[in-house]
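Please find below my notes on the model you sent. They follow the points I would raise in a discussion.

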Amino acid sequence: MEVSTSLDAGITLTVLLGLLILLVLGKVSPSGGIMGAAIVLLLTQVITPEEAFAGFSNAAVATIAALYIVAYVVQRTGLLDTAVARMLSTDERKPGTLLRLLAPVAAASAFLNNTPIVAATAPAVFTRASRRGLPPSRYLMPLSYATILGGVVTTIGTSTNLVVSGLLEQRGLPPFGLFTMTPIGLPLAVTGIMLLIATAPRLLPDRAPPGSGLVQLPRQYSASFVVRAGGELDGARVADAGLRRLPAGFLAAVERGHSVQVATGRDVLRGEDVVTFVGEGTQLAALLDHPGLDAIERRHLPDFAPGAGQLVEAVVGAESPLVGRTLADVGFRGRYAAAVLAIHRDGRPVEGKLGTVPLRPGDALLVLSDTEFAGRWAERDDFAVLAPLGAAAAPTDTRRSRIAAVVVGVMVAAAAAGVVPILEASLTAVLLLVLTRTVSVTEARDAVDLDVLLVVAGSFALGAAMDRSGLAEQVADLTSAAALLGGRSGGVIAVVIATMLLTEPLSNAAAAALMLPVALNIAAQLDGDPIVFAAGVAIASSASFLTPIGYQTNTMVYGLGGYRFWDYARLGIPLTVLSLAVVSSGVLLLAW
């Protein structure tokens, strides 16, 4: 029996290390990798079929699905758009602006899934900052971090908390109540927001184009247009046409035949010249309506008449089928009925032939599309964020927004008072939203992120393998031995650090599922409260501030803010140190 257990532990460790490597290298998606690992553990008989698929019948999965629908309704009724307009002052340079933005967003994230919150607020923040000539990079990363901090305040704030609660219940322990995590999560959220307000203006660079005397732009794109033969620019001097220096861009080059030259004000344009502009997306959107210019990609979209369509900034999501493939590979024009004019990556425009560039998570695409593009793809995994340029905010649906506000309020109040469990409260909220026609059945179905549910369900299988194989107990013994000199403090800090390190390459749910058995074993060895240890693991697994790929909301603002990879560590290291201190202290104070 001991040999079998050792063999199972070895298989489990090998599978988990393989999963970690594949995720770090970007060879598999989190949902595909975790479900694949669960199947391998099943086939090698480390876990039983019941353990492999127990996650699908766990209350946490149904609760997460219901909360996605609730958050979708709040987003689609326009409540968040209205809130963002009120959060940002008329002068975004005022010191209190970040507080007015981050505090309400964190509060909302405590009761709604943070992914839809960022999806709804990030484009609004981006647009408002851009119109005032301010880099959105000042606000978007703090926005993502604030939703993460808010999500750890209550059990329904993020799916990771619900995963840990479900795992506890699976082990015969009481699940989290709505505010079980609050004694640790609330101090972290408050101090984290204060730290963001103090450090973000100093540590975050303004991602703007270099030199040229231009206004500070949120992001620099380059896009090419064709001078329309016989149009008003055919035969006009660049300076006379007003194209040399634009409000938020400039004419960079003129191509005629096989000759390319840097544009000057004295150049005379001819029909069929290809002119390349550099500037922000809103400036390029305005050029679409210039009577003498045609976007070079418009010729590939015969249904677009001159002046028709719009520009949309589309950020590639981590789960997108576009990741690792080129625009030519996916047949972008045919599949999306749209054309990519430019790609922005890691704070810079991508040069060269765009159709041959493999796409990465966080890439921002400047897309020429019809006016229905954002609506068609808003609920799909292809794009994490869609921000139409120059479009007015959608009007608030007063009737539906009032119903949504009442239903969400009642749901939170009922769960907080213990009238009904969180699962029943969230499912009742969805039922009421459907019955009042605030959301259709089709919309509700599409609002649920299937990849997240697969990650959550698969994480239960990984946790079961850790337990059943004895690997969790072995890791706990090693951790306890390493932390022996530090006593209780050493054990708690070791658990928190290990969880925070795992959550960067793995998904948050997977990191929590792997570390929970270890934490419970250490809690038993140190005679600590297992529920408090579990809350510490849940919060630590959400404390992902070091990379743009460690948490979905970080990826969503990566391209939109024009950030570079290491910008996250600049702002994230102080937050990570704070999280380690607050979570460890909280567990130590509450567990004994």
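Is Phe332 buried or exposed? At a relative accessibility of 3%, Phe332 counts as buried, because the cut-off for buried is under 20%. The points below concern a predicted model.

1. Phe332 and its partner. Phe332 forms an aromatic pair with Tyr336, with 4.5 Å from centre to centre and 35° between the planes, and the pair is tilted. The two residues, Phe332 and Tyr336, are four residues apart in helix 13 (residues 332-336), so about one helical turn separates them. Tyr336 also counts as buried, at 1% relative accessibility.

2. The structure holds four aromatic pairs. One of them joins Tyr145 and Phe545: the ring centres are 5.1 Å apart and the planes stand at 80°, so this pair is edge-to-face. The pair links distant parts of the chain, since Tyr145 is in helix 8 (residues 140-151) and Phe545 is in the loop between helix 22 and helix 23 (552-560), 400 residues apart. Tyr145 and Phe545 are both buried. Ring pairs also bring in Tyr568, which forms a cluster with Tyr145 and Phe545.

3. Overall composition. The protein chain has 24 helices and 11 strands. Of its 592 residues, 55% are buried. Among contacts in the protein chain with a separation of 6 or more, 78% are between residues 24 or more positions apart.

4. Helix 10 against helix 24. The axes of helix 10 and helix 24 (residues 567-591) come within 10 Å and cross at roughly 160°. That angle makes helix 10 roughly antiparallel to helix 24, because angles over 145 degrees are counted that way. The crossing of helix 10 past helix 24 is right-handed. On the helix 10 side the contact includes Pro183, Ile184, Pro187 and Leu188, and on the helix 24 side it includes Arg570, Leu571, Pro574 and Leu575. Further along, the residues in contact include Leu195, Leu196, Thr199, Ala200 and Leu203 of helix 10, and Val582, Val583, Gly586, Val587 and Leu590 of helix 24. By class, this contact has 16 nonpolar, five polar and one charged residues.

5. Helix 10 against helix 6. Helix 10 (residues 182-203) also packs with helix 6 (residues 97-109), at an angle of about 145° and with the axes 10 Å apart. Helix 6 passes helix 10 in a right-handed crossing. Leu98, Leu99, Leu102 and Ala106 of helix 6 make the contact with Ile193, Leu196, Ile197, Ala200 and Pro201 of helix 10. The contact of helix 6 with helix 10 has nine nonpolar residues, no polar and no charged ones.

6. Helix 9 against helix 22. The axes of helix 9 (residues 159-170) and helix 22 (residues 530-542) come within 9 Å, crossing at roughly 150°. Helix 9 is therefore roughly antiparallel to helix 22. Their crossing is right-handed. The contact is made by Thr160, Asn161, Val164 and Leu168 of helix 9, and by Ile531, Ala534, Ala538, Ser541 and Ser542 of helix 22. These residues of helix 9 and helix 22 divide into five nonpolar, four polar and no charged.

7. Two positions in helix 1. Asp8 lies in helix 1 (residues 2-25). At 15% relative accessibility Asp8 counts as buried, because that value is under 20%. Leaving out residues up to four places away in sequence, Asp8 touches Val46 and Ser469. Gly10 lies in helix 1 as well. With a relative accessible area of 32%, Gly10 is partly exposed.

Terms used
Residues numbered from 1 in each chain as written. Predicted model: local features only at pLDDT ≥ 70, side-chain atom pairs only at ≥ 80, totals over all residues. Heavy atoms only, no water. Axes fitted to C-alpha atoms, helices over the stretch in contact; angles between N-to-C directions. Parallel < 35°, antiparallel > 145°, perpendicular 65-115°, else oblique. Left-handed = near helix turned anticlockwise from the far one by under 90°. Contact = heavy atoms within 4.5 Å. Nonpolar A, V, L, I, M, F, W, Y, C, P; charged D, E, K, R; others polar. Buried < 20%, exposed > 50% of the residue type's maximum accessible area, 1.4 Å probe, protein only. Phe/Tyr/Trp six-rings, centres within 6.5 Å; stacked < 30°, edge-to-face > 60°.
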